[in-house]
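Student: I am new to this structure. Can we go through it in short questions and answers?
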Amino acid sequence: MRRGMFIALPLLLFLHCGTAAQQPDSSRRGDGRFLRLLAGGSIPAGRFQQGGDLQLGIPEPGFVVGVEYTLPISGARVGWSTSLQYTFFDTDPGLEGKFDTQYWLIRSLHTGLRLCGPVDWDIDMYLQLMAGWTGIYPGKARYTGFGRGGTRRFDYVGTPSLRLEAGFIARPFTLGVSVFDCGTPTFTYHYVEIEHRTVLVLVMLGVIL
């Protein structure tokens, strides 16, 4: 139920704004084909779960960069977007346990439907629902227990993912908020498995080329 509301509410808002606004100058939006460069902040949601004696800490805010290409399906209003993004964040090691980790890298490739409608003469609103594949590269774990130390990287994890984004376009700039859900993949460190609920909230500025 919550996931259904999460998808339905932005869609209803998008449709309401598009219906209520004036028809914009079609030449301002072009034909709906464009390349967009993205950069912004990432806010990891949830906590690492503890497995055995291993504690990974709390993920901290990081940053995201990416590039996106959109092809028109029906003029400038409906398109198909493909996005490649890199997200980096660190973890807070100040928790109980014998391990702490360095920065994490998440690389994602998504594709999906993009809707765009006018808010007023100069601003459009857009909504994207995308699916794809995400590669998660955990940070190295530093072991500091019992007078010994060392580092070892967790195993790479590949997982399907979903991405929902809503935002505004004031050409050539965009501002969007995206929720990026990778589910609950399992990470392995030296035969120890840890589940990590991986959800990121991304706030991104973009430039349309």
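Student: Are R36 and E165 buried or exposed?
Tutor: This is a predicted model. Buried means under 20% relative accessible area. R36 and E165 both fall in that class. So for R36 and E165 the word is buried.

Student: How far apart are N and O where the side chains of R36 and E165 meet?
Tutor: The two side chains form a salt bridge. R36 sits in strand β1 and E165 in strand β11, 129 residues apart, and the pair links distant parts of the chain. From N to O, the distance is 3.5 Å.

Student: What is the N to O distance in the salt bridge of R163 and E165?
Tutor: Here E165 meets R163. Both of these residues are buried. The N to O distance is 2.4 Å.

Student: Which residue forms a salt bridge with E68?
Tutor: E68 is in strand β3, and its partner is in strand β1, 32 residues away. Both residues of the pair are buried. The closest N and O atoms are 2.9 Å apart, and the partner is R36.

Student: Which residues are linked in a network of salt bridges?
Tutor: The whole structure holds 3 salt bridges. R36 meets E165 in one of them, and E68 in another. R163 also meets E165. The linked residues are R36, E68, R163 and E165.

Student: Now the rings. How many aromatic pairs are there?
Tutor: Two numbers describe a pair of aromatic rings: the distance of the centres and the angle of the planes. Rings pair if their centres lie within 6.5 Å. By this rule the count is 3.

Student: Why is the pair of F63 and F88 called stacked?
Tutor: The ring centres of F63 and F88 are 4.9 Å apart. Planes under 30 degrees apart count as stacked. The planes of this pair stand at 25°, so F63 and F88 are stacked.

Student: Which strands hold F63 and F88?
Tutor: The two residues are 25 residues apart in sequence, so their pair ties together separate parts. F63 is partly exposed, at 45% relative accessible area. F88 is partly exposed too, at 22%. F63 lies in strand β3 and F88 in strand β4.

Student: What is the angle between the planes of F89 and W104?
Tutor: F89 and W104 also form a stacked aromatic pair. F89 is in strand β4 and W104 in strand β7, 15 residues apart. Their centres are 6.0 Å apart, and the angle between the planes is 15°.

Student: Are F89 and W104 buried or exposed?
Tutor: The cut-off for buried is under 20% relative accessible area. F89 has 3% relative accessibility, so F89 passes. W104 has 0%, so W104 passes as well. For F89 and W104 the word is buried.

Student: Why can L84 belong to the patch?
Tutor: L84 is in the patch and has its place in strand β4. Patch residues need over 30% relative accessible area. L84 is partly exposed, so L84 clears that cut-off at 32%.

Student: Where does P172 lie?
Tutor: Most peptide bonds are trans. The bond from R171 to P172 is cis, with omega near 10°. P172 lies in the loop between β11 and β12.

Student: How many helices and strands does the protein chain have?
Tutor: The chain has 209 residues, and 40% of them are buried. Among contacts between residues at least 6 apart in sequence, 67% join residues at least 24 apart. The chain contains 2 helices and 15 strands.

Technical notes. Residues numbered from 1 in each chain as written. Predicted model: local features only at pLDDT ≥ 70, side-chain atom pairs only at ≥ 80, totals over all residues. Heavy atoms only, no water. Patch = residues over 30% accessible without salt bridge, like charges linked within 9 Å, V, L, I, M, F, W, Y side chains within 5 Å. Areas by Shrake-Rupley, 256 points an atom, 1.4 Å probe, with all protein chains shown as cover. Salt bridge = Lys/Arg side-chain N within 4 Å of Asp/Glu carboxyl O. Helix = DSSP H or I, 4+ residues; strand = E, 2+ residues; numbered from the N terminus. Buried < 20%, exposed > 50% of the residue type's maximum accessible area, 1.4 Å probe, protein only. Phe/Tyr/Trp six-rings, centres within 6.5 Å; stacked < 30°, edge-to-face > 60°. Contact = heavy atoms within 4.5 Å.
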